Amino acid sequence: MQIPSTYNSSVISPLYNCFRNPDHLPPTVIDLDWSYGDKPVDPNTQIKYNLAIMYTQMITQSKTPNDFFGKAYRAGDDITTLDGAGQIEQTPHNHVHSWTGTAVDQSNPIDMGALYSAARDPIFFAHHANVDRMWTIWLNNLGGSNFTDTDWLNAYFIFYNEEANPVRVRVKDCLDNTKLGYQYEDVPIPWLDVSVKPKPRAKAKTLPSAPDPAQVFPTTLDKPISVIVKRPKKSGTGSSEEILIIEGIEYDKRNYVKFNVFINEDNVNASRPNNTEFLGSFSNLPHGHRMTVKTNKKFRISQVLEELGARDYDKVLVTLIPKSSPVKINGIKIEFDS
Ligand SMILES: [Cu+2]
């Protein structure tokens, strides 16, 4: 879980890039939910956290293609009000970018830490190939399925072939990697093992008092915020899977944005990424142009509440911890999965 040595030798490797965070060169172990300013932990502990993060993101939080990939984004859609990026795009994808990039100038990144400059670093291609590999693992090992939406299947991109002629390649022609002539090495995948799954830090707590979301939002997340959110009552035959929705997260796309989210955690400082109370994070990698966007972040919480011994609670405590410049947030609610 570190930058492979072949990417790190300026003498022998064209894969070397000088614009990487000097504190994150080998043998430093990557932090898959890294925030600017995070203090390093010992390598074995970091590996334990990373395995727990992968279990959460790939198994607990990614039940459908929309969970994994994010909501549909069609030509003509208003991109300033998106309904949410995919779980994997956020964590680990975004954090591998920002962890690898240099921390020299957060407001003007020229490296893996920003969307517009990431592909200047050769390690970008290994990173994205690995995200593709996560998709294949999700399909083959975790019962995932591809989208059937024809807008997605027929979407196309123009590439140049080996004779330098442009060719149109459709998404539906790229879904089976064996047809593309490659397969991933059959290596152990330790995060598939249930033993790495996050464990509750403390079970069945008495929740501290905190305001109702309506008393707090809309607000700017410039300090930790805790609210008590009512759970919906089940009626009818629809899904009983509850989704925590952080609504109307508003920020400028040029900015690095991150905040962490905890559920039923009365002592956030004691919580670690391998605790069930840590739901995950919201993040944005800086883009090149100014654009104010509004989006939502969703977490599946039914299984989490069960594991926290809170199945029968009628309310949950949600805590947001800012890890970047402030964002505006419009509200927090819980709905059944639609
Ligand atoms: Cu990327």
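**Cavity, pocket and helix contacts**

Mentor: The lining of the largest cavity divides into four nonpolar, six polar and two charged residues. The model is predicted, with pLDDT of at least 70 needed for local features and 80 or more for side-chain atom pairs, while totals for chains, interfaces and linings use all residues. Residues are numbered from 1 along each chain as its sequence is written, and side-chain values use heavy atoms, leaving out hydrogens and water.

Trainee: What makes a residue of that lining nonpolar, polar or charged?

Mentor: Ala, Val, Leu, Ile, Met, Phe, Trp, Tyr, Cys and Pro count as nonpolar; Asp, Glu, Lys and Arg as charged; the others, Gly among them, as polar. The lining includes Lys 197 and Glu 307, and Lys and Glu are therefore charged by this rule.

Trainee: Why is a space called a cavity and not a pocket?

Mentor: On a 1 Å grid over the protein atoms alone, a cavity is a set of points where a 1.4 Å probe fits but cannot get out, whereas a pocket is an open set with protein on both sides within 12 Å along at least five of seven lines; lining residues have an atom within 4 Å of a point. By this rule there are three cavities of 30 Å³ or more. The largest cavity holds about 90 Å³ of space, a volume being the space filled by probe spheres set on the points.

Trainee: Which element gives the largest share of the lining of the largest cavity?

Mentor: That element is α7, with three residues. Helices (H or I, at least four residues) and strands (E, at least two) are DSSP runs numbered from the N terminus.

Trainee: What are the volume and the lining of the second largest pocket?

Mentor: Its volume is about 780 Å³, and 29 residues line it. The elements giving two or more residues are α1 (43–60), α3 (87–100) and α4 (123–141). The most, eight residues, come from α4.

Trainee: How do you know whether α3 and α4 are roughly parallel or antiparallel?

Mentor: Their angle is about 160°, with axes 11 Å apart. Angles under 35 degrees count as roughly parallel, over 145 as roughly antiparallel, 65 to 115 as roughly perpendicular and the rest as oblique. The angle of α3 and α4 therefore makes them roughly antiparallel. Angles run from 0 to 180 degrees between N-to-C directions, and axes are lines fitted to C-alpha atoms, for helices over the stretch in contact.

Trainee: How do α1 and α3 stand to each other, parallel or antiparallel?

Mentor: Their axes come within 9 Å and cross at roughly 165°. Therefore α1 is roughly antiparallel to α3.
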